[in-house]
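This report covers a helix pair and a ligand site. The model is a predicted one.

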Amino acid sequence: MRVLSGMRPTGKLHLGHYFGVIKNWLKLQDEHETLFMVADWHALTTGYKKVEEIPQNIEDMVVDWLSLGIDPQKSLLFQQSKVKEHAELFLLFSMITPKSWLEWNPTYKDTKYNLLRISDLELMFKGGVRDLVREFLAKLPYKVEDFEALEEFFLDALSDTLIQSVFEGYIERDLLRELNVSKRDFYDTDTYGFLGYPVLQAVDILIYKANAVPVGEDQLPHIELSREISRRFNNLYGETFPEPQAMLTETPKLPGIDGRKMSKSYNNAIYFADTEEELRQKVMRFFTDPKKLRRGDPGRPEICPVFFYHKIFTEQERVQEIERDCTAGKLGCVDCKKLMFEGLNGFLRPVREKRQEILEDRKRVWEILGVGSERASLMAKDTMEEVRERIRVG
Ligand code: TRP
């Protein structure tokens, strides 16, 4: 079985990436033929205005892959944009992909306006919009069949209107600045390339005839589209591509230091590039049970992000002790965090050291990608010869 996955180069990786993706890649590289791709053309679909960051982001990301144990002896690591055949197949697939398949793609619909969707709007108006819609719907003189769906529908329409009102200048700039949003951002993804994002992803998978694609749940529609494109191509021109399967792994969402899902944009992430001191400070800033104000107050480990980490990084016998002592009000949050730091740092220290080693020879990173991309090119070239013959052009 051939397994392929890709990651957009957004820079340094954090713990969330490890538990969500890399941990799984490590297991797969021991069991299957694996190809891991730096999706730098995909990075352009949303980041075409900030291209100067891309090379550094690629390097940072691959340094982390290697530090975490992705092994170029076991896996083929390559850079999408170095295999030009992707661009050719992207063009050919774009000929046979119905526009509607792309317009219905939920990641397209959601991300197109991702910078000011409901969550941000809610933040902006502190839930007022939802309340307002509810109040309004309650006053409707009709029986509402599905209240929640209608509410979402209204919120969607309202958010679109609000986005438009930003363009028209009705919403104060200060508010947007507070949210770190500028008018320019709205145009970011309203492009032909972004609409075609999943077509390019289908190319990444199919050009190597990969059978399985380990991805997060959010990527399922893209894998489905790859299967549809594969079927359509095969129906039109003869059996050429396999139908790739998505491989999902259950991964609980790792909380960041503020208890929300770990994410670069929330500014709550723990990076493999963090120094020991940075890590210590982050651990000490962790959110805990908000009701546990003093050392002697009983805490609720089940809602505490620090305890979530204990469960992963602290020895199991200690974990039960910590749970008991916290609940009984015998363990203060500061001490609890110090214990957690020890476990977490124990996990991160070797990664940090490996990272340092790799950073001393950065050229290696690019060599690995270069060699990998050449090998990938050979595979892609084979597929393209077959494709050109079938499609009678090229
Ligand atoms: N779209 C994927 C993501 O954002 C990245 C990606 C690009 C990918 N090409 C791929 C994943 C091919 C799997 C297979 O996570």
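## Packing of helix 15 and helix 18

Helix 15 and helix 18 cross in a right-handed sense. Helix 15 spans residues 276-285 and helix 18 spans residues 333-359. Their axes lie 9 Å apart, and the packing angle is about 145°.

On the side of helix 15, the contact is formed by Glu-276, Leu-279, Arg-280, Val-283, Met-284 and Arg-285. Helix 18 contributes Val-334, Lys-337, Lys-338, Met-340, Phe-341, Leu-344, Asn-345, Leu-348, Arg-349 and Arg-352. Sorted by class, the contact between helix 15 and helix 18 consists of eight nonpolar, seven charged and one polar residue.

- Asp-204: an N or O atom of the side chain is 2.7 Å from a ligand nitrogen atom.
- Gln-219: a polar side-chain atom is 3.0 Å from a nitrogen atom of the ligand.
- Arg-8: a polar side-chain atom is 3.4 Å from an oxygen atom of the ligand.

On its own the ligand has 360 Å² of accessible area, of which the protein covers 91%.

## The shell around the ligand

Which elements give two or more residues to the shell around the ligand? They are strand 1 (2-7) and helix 13 (197-206). Helix 13 supplies the largest share, four residues.

In total, 14 residues surround the ligand. The closest are His-42, Tyr-197, Gln-201, Asp-204 and Gln-219. By class, the shell holds seven nonpolar residues, five polar residues and two charged residues.

Note on methods
Residues are numbered from 1 along each chain as its sequence is written. This is a predicted model: local features need pLDDT of at least 70, side-chain atom pairs count only at pLDDT 80 or more; totals for chains, interfaces and linings use all residues. Side-chain values use heavy atoms; hydrogens and water are left out. A residue is near a molecule or strand if one of its heavy atoms lies within 4 Å of it. A polar contact is a pair of N or O atoms within 3.5 Å; within protein, one must be able to donate a hydrogen and the other to accept it, and residues adjacent in sequence count only if both atoms are side-chain atoms. Accessible areas come from the Shrake-Rupley method with a 1.4 Å probe; for residues, only the protein chains shown count as cover. Ala, Val, Leu, Ile, Met, Phe, Trp, Tyr, Cys and Pro count as nonpolar, Asp, Glu, Lys and Arg as charged, and the others, Gly among them, as polar. Axes are lines fitted to C-alpha atoms, for helices over the stretch in contact, and angles run from 0 to 180 degrees between N-to-C directions. A crossing is left-handed if the near helix is turned anticlockwise from the far one by less than a right angle, and right-handed if clockwise. Contact means heavy atoms within 4.5 Å.
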